[in-house]
There are 2 protein chains.
Amino acid sequence: MNGAQALLQALVKSGIEICFANPGTSEMHLLLAIGKSDAIRPILCLFEGVATGAADGYGRMADKPAITLLHMGPGFANGMANLHNAHKAHVPLINIVGNHAVHHLQYDSPLNSDVPAHARICSDWVHVSESADDLAASGFSAMQASMKGWGKIATIIVPSNHAWEEACIVPSPLPPPPMETILPATIDDMAAMLSNGKRTALILGGRALREDALKAAGRIADTTGVALLCETFPARMQRGAGRVKAVRIPYPVENALELLQHYEQFILAGAQVPVAFFAYPGKPSLLIPEGCNVQTLARIDTCAASALKRLADRLKASSEPIQIQASGAALPLPTGALTPQSIAASINILLPDQAIVSDEGVTSGFGIYVSTENAAPHDWLAITGGAIGQGLPVSLGAAVACPDRKVVALQADGSAMYTVQALWTLARVKADVTVILFNNRSYAILNHELARVGAGQPNDQTLSMLKLSPPDIDWVHIALGMGVRATRCRTADEFHLQFADAMKTKGPSLIEALLMAS
Amino acid sequence: MNGAQALLQALVKSGIEICFANPGTSEMHLLLAIGKSDAIRPILCLFEGVATGAADGYGRMADKPAITLLHMGPGFANGMANLHNAHKAHVPLINIVGNHAVHHLQYDSPLNSDVPAHARICSDWVHVSESADDLAASGFSAMQASMKGWGKIATIIVPSNHAWEEACIVPSPLPPPPMETILPATIDDMAAMLSNGKRTALILGGRALREDALKAAGRIADTTGVALLCETFPARMQRGAGRVKAVRIPYPVENALELLQHYEQFILAGAQVPVAFFAYPGKPSLLIPEGCNVQTLARIDTCAASALKRLADRLKASSEPIQIQASGAALPLPTGALTPQSIAASINILLPDQAIVSDEGVTSGFGIYVSTENAAPHDWLAITGGAIGQGLPVSLGAAVACPDRKVVALQADGSAMYTVQALWTLARVKADVTVILFNNRSYAILNHELARVGAGQPNDQTLSMLKLSPPDIDWVHIALGMGVRATRCRTADEFHLQFADAMKTKGPSLIEALLMAS
């Protein structure tokens, strides 16, 4: 057995099933080992950012890691933006990165660069294998590292000679890392805080946005009147008809300040203290009122669901939440102009039960989120780290993790272009993903941001850096070029028909929504 | 004046004319400053790897830096693969990277990451501005740093508050850095070495591949019989009819070993000692015979042209080289099957004088290089760092630097996909680039590499990670989707007609060459 085979064996024993791959010469022995394994399904991605973003989407839905297979420093660099998002999403994910043979590094050949320095930037755990014998142990350690808390980014760097040299030692899997427990005193403190008569908000994030945690939060809200808020960019929120609602803290800093100023104290469950996404001249970074009391019920890496349930029980809340989302099935059919609102209305009516929504709609997506709270129960996956080019890869990974669920990708045109290669892999694996491509021919959000920074009137030359036209991008052509069925719509009625068709048809498709008025 | 304006003023005074931009919120004040400047032309790129690759192409042809405008850590990460190539190409290039305001960093908001750590990996010089006042000085220092040797990667990180705060100090430009001189004794030593009767090769790289340096090398070869070799991946080689030829050291390690074993000693001019691109089991990393004598006439960052000229004069060589490339104009028209050879024949006949060839043809490109040595005089730009996705962006940058010269991009399908967004910017700026897209539906080079590593027979699952089909990529559709005129050809005759038309027509176009037999 060579080192590559030993590593693969360890990963299979750890429960790895999927490899999103974009390999090169230094990964050839790993490629052969994966090819020979019946347990790991390799999925070719035509750009590394697709592979890492897909592994993020997979991790969010499968709650266990996929592996990526990446080629040296530049290959890793191409995947870093989506690893940044995955890191902020707290997903489990393992990167396998090939590097030159150890004896070859000294020659500084053209592809040589500092691979560990790349890996350290967006990994929680990095290991460079020390020998062929070390690779199996590296695999088990990476699995353990990736499952710490709710998920970490673990990266193994594999010098090619370790992959091809003979490996003898086959170690055993490592136990999963322990989860930090929440003390009874914390539950008591939060219960007391909720009874002190102050206006309180419970900010939910991470695992506190899964259905079970939200149920417990709903029970607490029913009995105490606490407001339920949700972090601005949740990795995975379970929402829709029949579920407990949490109000998402808005992205625009002025709207977030307006919402949060109503509260005198905050309890965090799986969330961070809300801060502005960017700094703006004359505006605060911290979004909660100055001097207010903030306490933590459950940190991001702890079991928020169990903490919320214990708190609900401690408060003697009723066993089921009372205030839950109504269904939106009786809404009128949208008609007339095509707008984010009309699209939201169609989604509200047509979204199948247990669909998964990958939201990189950016300006178009914010309104759709608000208007789809009555849709059938679904999972909403937001862009967690702000590095655009996440939406299409995440939709791919979610579809691979959940082949029986429909995935809808809300996709802004500017962001779609970053990892447009994802369309090809959607076609290759016949992923059940419907992409709604919001074509407003603009980095629309940057026009808002330009106003928000208050830097004065832009001229045509400045605005040219925010406009995606000329030339107009024809997304139907691009999708067809990569093997994805595609249609275009200009009215709410056309969109409704095309989306209804997509919801009934299995496999990848793209609907280009021409939003010229927005 | 704010810091952004002060920085821009310094860059303009330094001679910067082009900005390849992919901005975000933290760069808004820089955007406004660029918009207001008449001296800097902003060119929007829809992915950062396009911006950095274009700046590389611009630097190779203009011999001075363009700036890139990038957005924080993930934006820089997306540009790193092509910065790696630019670094290995020794081009001058300045990155301007926005970051959070200094007071905002402590809140670890979603887009926060260690921007300087990113920058250090692929920059020769990194500076984080210390204040608004510091930005103008940073601009002048970056210019100086980028012009060291033949070119370095300089990166300025700009916290957004420095861009928007008032700047008072306007410093002066810095002198260009001095060039290392070559001692007379070195010239004497090389002259002696060339007279010792041993089989000698002069390996040319970097600036030693420009026409003037090649002329001097040709004079040396005429008088001493030294073999002229060229590094495997030149950043810019001036070649074609009427010029002095240097034999390119082949990429496949076995072919390189075969070529280099004929020599007992080597002289380096602007080149490194030849090493294998990758390590392979049982094959050497160092490609020259063990124990042979290697001396350096001119290091990469010194003036190889002047050193070669001094050496030629020292050897009393004739004033003009005798052995020069013949013209290929009388070649027969290619006909029949479409192959890299038939394409090379068309290029040989049709390439206009002073064309620029951006070569990321990979397996298809190697043969074309050899077969176009008799074409009209042209510049050949190779992929220097092995990070694929370079070809289209480099062709864009070259076309921006040299608007009066035709650019031909030899582009493999797999690599084209990495920075496919470059097509849109080619269309936006109406760049005079003809892309020849070699569609062999495969990472063909990796099939060769798989055999080369000798790891045994691959099965279908392994081969699936090297095949770009199914689905078949339709490059005509993709190009049209991004606004680029496109045609497809299946025979040598069709290609010849389409390429002839492209050579006569100004502006971007793509020819999809279906190479299914290869």
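Let's start with β4 (residues 93-99) of chain A, which pairs with β6(A) in the parallel sense over seven bridges; two strands count as paired if DSSP finds at least two bridges between them. Helices (H or I, at least four residues) and strands (E, at least two) are DSSP runs, numbered from the N terminus. Within this pair, V97(A) has I157(A) of β6(A) as its bridge partner. Strand β6(A) also runs parallel to β5 (residues 125-128) of chain A, joined to it by four bridges, and there H127(A) sits opposite I156(A).

This is a predicted model, where local features need pLDDT of at least 70, side-chain atom pairs count only at pLDDT 80 or more, and totals for chains, interfaces and linings use all residues. Residues are numbered from 1 along each chain as its sequence is written, while chains are lettered from A and ligands numbered from 1 in the order in which they are written.

Back to β6 (residues 153-159) of chain A: seven of its seven residues are buried, so the strand is largely enclosed by the rest of the structure. Buried here takes 20 or more other C-beta atoms within 10 Å of a residue's own, exposed takes 12 or fewer, and partly exposed is in between, with C-beta atoms placed from the backbone. I153(A), T155(A), I157(A) and P159(A) point one way from the strand, and A154(A), I156(A) and V158(A) point the other way.

## A helix with the same story

Helix α14 (residues 391-401) of chain A is largely enclosed too, because eleven of its eleven residues are buried. Among them are L392(A), P393(A), V394(A) and L396(A).

## The five-stranded sheet

Chain A also has an open sheet with parallel pairing, in the order β10-β8-β7-β11-β12. At the edges stand β10 (247-248) and β12 (293-298) of chain A, each with a single partner strand, so one side of each has no neighbour in the sheet. Further in, β7 (residues 200-204) and β11 (residues 265-269) of chain A pair in the parallel sense over five bridges, with L202(A) opposite I267(A).

## The chain as a whole

Chain A has 20 helices and 18 strands, and 64% of its 518 residues count as buried. Its radius of gyration, taken over C-alpha atoms, is 24 Å, which agrees with the value near 24 Å for a compact globule of 518 residues; that rule is 2.2 Å times the number of residues to the power 0.38.

An automatic or database domain assignment divides chain A into domain 1 (3-164), domain 2 (184-314) and domain 3 (340-514). The C-alpha centres of domains 1 and 3 of chain A lie 29 Å apart. Their contact takes 24 residues from domain 1 and 26 residues from domain 3, a contact being C-beta atoms, placed from the backbone, within 7 Å. On the domain 1 side, α3(A) gives the largest share, eleven residues.

## Two copies, one surface

Chain A can be laid on chain B with an RMSD of 0.0 Å by a turn of 180° and a shift of 0.0 Å along the axis, so the two copies are related as by a two-fold rotation axis. The superposition is by least squares on the C-alpha atoms of residues with pLDDT of at least 70 in both. The same surface serves both copies, as 99% of the contact residues of chain A recur in chain B.

In numbers, 84 residues of chain A are in contact with 83 residues of chain B. Helix α4 (residues 72-89) of chain A gives the most to the chain A side, with eight residues.

Methods: Two residues are in contact if their C-beta atoms, placed from the backbone, lie within 7 Å.
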